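Let's take a friendly walk through a protein chain, going from its overall build to a few of its residues.

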Amino acid sequence: MKRIRTIILATMIATATMAQGVIDVHSHIITPEFVSALDKEGRLLDEGFPLPKYDMTEHLKWMDEAGVQTSVLTLAAPQPSSAEVVRQTNEAAARIKREHPGRFLFCAALPLPDVSKAIDEAKYALDVLKADGIKLATNVGGQYLGAPELDTLFSFLNERNAVVILHPHRPEPVNRQVMQQTPLAMQEYLSETTRAVSNMISRNVLARYNHIKVVVPHCGAYLPLAIPRMKSLTPVMQANKMVGEIDYEDNLRALYYDLAGAHSPEVIRMMLTITTPAHLLYGSDYPYVAPQVLTQSLARMKQYLSTESDLAPFREMILYQNANQIFK
């Protein structure tokens, strides 16, 4: 009888562990249509490095091996020129979600810089394809998040209480010499993310459209350094009539942060200077990083989230609970 109870208890623990699998809010879908369209336009190396191959079966295999229950799919960079390719990608992501319930969510791409078409695609994606949110590039052809012409789009997303996942794209304009010497993913992607979010904050976009939740990638980029500087310089900028009133509290309340990239206990502690543990999320950046590296990285995160006494209380929050809350 004791042995049976032990087996039952072990089964219950295993079931509970599966039910509480990790949620990955930062993974990418790369469809054949997307790659073909970029190839025809001569844009395969727009971001300075080749696109990785994406295979849903291999993605699921890695998820199972690493203990990831659910992955959120978003379109990779660069931004397609064609609204048709955007639609095809969204439909492919919706199909993957439909065929593998509980394993995939997706945030739909939009055909910016055309704001009217972007709103139409957002309506279709949210209402028909049942998208779980929207993916926005930091800029499309130099149209940066925070630009006044995007207010109409943000107003619509606000009405829909949308989750928005950001991702850096090649800056516009770009210094190609610097891009060759220091590839975008090494540094400029962090600058680009910081630039776009700072631009939104300086216009109070997130405070004005405060029903939107925005996921910032790559451990918050440089925002833990940029936010205190922005705050300290705001009075000077206002005295020179360069910016208006900025509600930092309301703007920052809208921001969530994934831990894709160079996460560590030290990085998390730095991020907690501008946010709370309830706003931190696990992210992998699959398939841009080799599966074995991602598995090791996730294991390392689980380890320090268990052993670092100040971070251990937030382990389940970061690995799955926070994501469950914003995508419920």
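## From the whole chain to the details

In the protein chain, 78% of the contacts with a separation of 6 or more are between residues 24 or more positions apart. Please keep in mind that this is a predicted model.

How does the size agree with that of a compact globule? For 328 residues, such a globule would have a radius of gyration near 20 Å, and the protein chain agrees because its own value is 20 Å. Along the principal axes, the C-alpha trace spans about 80 × 45 × 45 Å.

Now for the surface. Of the 328 residues, 52% count as buried. The chain exposes about 15,400 Å², and carbon and sulfur atoms supply 55% of that area. As for charge, there are 32 positive and 34 negative charges, and their mean positions lie 5 Å apart.

### The sheet

The secondary structure comes to 14 helices and 10 strands. An open sheet is formed by 8 strands, with parallel pairing, in the order 1-2-3-4-7-8-9-10. Strand 1 (22-29) and strand 10 are at the edges; each has a single partner strand, so one side of each has no neighbour in the sheet. In general, the strands of a sheet pair through backbone hydrogen bonds, in either a parallel or an antiparallel way.

Here are some of the pairings in this sheet:

| Strand pair | Sense | Bridges |
|---|---|---|
| Strand 3 (residues 104-108) and strand 4 (residues 133-137) | parallel | 2 bridges |
| Strand 4 and strand 7 | parallel | 4 bridges |
| Strand 7 and strand 8 (residues 213-216) | parallel | 3 bridges |

Ala 108 has Ile 134 in strand 4 as its bridge partner. Lys 135 is partnered by Ile 165 in strand 7, and Val 163 by Lys 213 in strand 8.

Is strand 7 mostly covered or uncovered? Strand 7 (residues 163-167) is mostly covered, with 5 of its 5 residues buried. Val 163, Ile 165 and His 167 point one way from strand 7, while Val 164 and Leu 166 point the other way, and all are buried.

### A loop residue

Finally, find Thr 276 in the loop between helix 12 (265-271) and strand 10 (280-281). Its relative accessible area is 40%, so Thr 276 is partly exposed. Thr 276 and Ala 290 are 14 residues apart in sequence, and their C-alpha atoms are 30 Å apart in space.

How values were computed. Residues are numbered from 1 along each chain as its sequence is written. This is a predicted model: local features need pLDDT of at least 70, side-chain atom pairs count only at pLDDT 80 or more; totals for chains, interfaces and linings use all residues. Side-chain values use heavy atoms; hydrogens and water are left out. The radius of gyration is taken over C-alpha atoms; the globule rule is 2.2 Å times the number of residues to the power 0.38. Buried means under 20% relative accessible area, exposed over 50%, partly exposed in between (1.4 Å probe, protein chains only). Contact means heavy atoms within 4.5 Å. Accessible areas come from the Shrake-Rupley method with a 1.4 Å probe; for residues, only the protein chains shown count as cover. Lys and Arg count as positive and Asp and Glu as negative; His and the chain ends are not counted. The place of a charge is taken as NZ of Lys, CZ of Arg, CG of Asp or CD of Glu. Two strands pair if DSSP finds at least two bridges between them.
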